[in-house]
Amino acid sequence: MGAFRDQPLVLRWGEGAEVLRGQRVTSGFFQVLGATPALGRGFTASDDARGTEPVAILSTAFWERRFGADPDVLGQRLDIEGTSHTVVGVMAADFDAPPEPFPFPGLPEGRVAVWTTLPDNWLEGGTSVSVVGRLAPGVSVEAAGASLETVHAALVSEAAFPDLETTRARVQPLLGWMLGDVGQTLWFLMAAVGLILVVAMVNIANMLTASGLTRRREFAVRTALGAGRSGLLRLQLLEAAILSCLGGLAGVALAWLVRARIAGWLPPSIPRVDSIEINLPVLAAGIGLTAVTTLVVGGLPAALAGRVAPDDVLRSSGRGSTQGRRARRALTALVVVELSAAFVLLAAATLLGGSYARLSGVEHGFHTADLVNVPLARDPGRAGAHPGCAGRSHELRAAGGR
């Protein structure tokens, strides 16, 4: 098990100071998460003991920004919250610490920049922490929750913990803790994207089928010259594959260009928006969708091309033949599917827009015009700070643009 607490940490540099997103943790925190520093070492049990020399671990981003990725950063000292800390490690670039469910007021946005040890007397100050633990082999989340409730009930019965009567014990998977209820929103978004994809695929299938109607004589001539049904099927599927691959490449290129801006477009309530990236699973999903699109948009035109009867086509004008009527019925069916999907998408977008408009019009009970919130963090290294500001973060509200 490991405990952690998010809080802003004031880092002093000569005459200046900087407020960083910090995290105070116990030595078991990184062990539970299975994370090892890319440089140096992690926290040990001796670092948790009272009276030991304070140590700190840096994130890769902060290490590169402040120290220019200098490998000799180990052993250097940092003034954090008025106390000298020794740098003992640098975490890997892909490590992202789990956020606390009830963050400290005025906590800077972004990823954690520095980790320090959580002193063993943290409970004496009434500080709340979050705890992560790794389940033992064969133990379920439900079993761990029942065990924790038993321990909680025993603590409540003791006079030393009277405040626990108003609390409850609960075990939750880390993934659900970090993502919250955003899964339903993402599934809704995925459904909307899926409907748009269906509309696009039906559009392309319509165009390929219509193109196939004009090429029926070409297919009939090819068949009369000895082209087999499999050859015509491969020809149509190859054309559909080329269109699908071009569309897939364009989609990946567009996603690559806008991925840096997505975090700014999405609301900050969505967790881990800064972790959105194009990786191998995303590319694999894109390749899979491209293959599915090829089969969908090229399947019907290929089937129609493979069923061409040369005698029927070459002897008729092409409009009253059986093959022409079959193709036109297929086109009509595709139009119906396209209109149905577009109608569902339009109805969902209308309902969503109406809900957003109603939520935007809800009275907040206070006026937000010309108001700004300025988080302030106390610099422990400065003398004369108000005693009530110790270890806290306050908000300064300015009205009228002043």
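Author: Let's start with a term: buried means under 20% relative accessible area, exposed means over 50%, and partly exposed is in between (1.4 Å probe, protein chains only). This is a predicted model, so local features need pLDDT of at least 70, side-chain atom pairs count only at pLDDT 80 or more, and totals for chains, interfaces and linings use all residues. Residues are numbered from 1 along each chain as its sequence is written, and side-chain values use heavy atoms, with hydrogens and water left out.

Reader: Okay, is Thr60 buried or exposed?

Author: Thr60 is buried, because its relative accessible area is 12%. Contact means heavy atoms within 4.5 Å. Not counting residues up to four places away in sequence, Thr60 touches Val90, Met91, Ala92 and Ala93. Its side chain also reaches the backbone oxygen of Met91 at 2.4 Å.

Reader: What about the largest nonpolar core: which residues touch the most other members?

Author: In soluble globular proteins, nonpolar side chains tend to be buried together. A nonpolar core is a set of buried Ala, Val, Leu, Ile, Met, Phe, Trp, Tyr and Cys residues joined through side-chain atoms within 4.5 Å. Here the largest one has 16 residues, and Phe29, Phe30, Phe43, Phe95 and Trp115 touch the most other members. Leaving aside neighbours within four places in sequence, Phe29 is in contact with residues including Phe4, Phe95, Trp115 and Val132. There's a second, separate core of 15 residues, with Leu11, Ala56, Ile80 and Val87 among them.

Reader: And where does pLDDT stay under 50?

Author: pLDDT is the predictor's confidence in each residue, from 0 to 100. Where it is low, the predicted coordinates should not be read in detail. Here it stays under 50 over residues 385-402, while the protein's mean is 76.

Key: A polar contact is a pair of N or O atoms within 3.5 Å; within protein, one must be able to donate a hydrogen and the other to accept it, and residues adjacent in sequence count only if both atoms are side-chain atoms.
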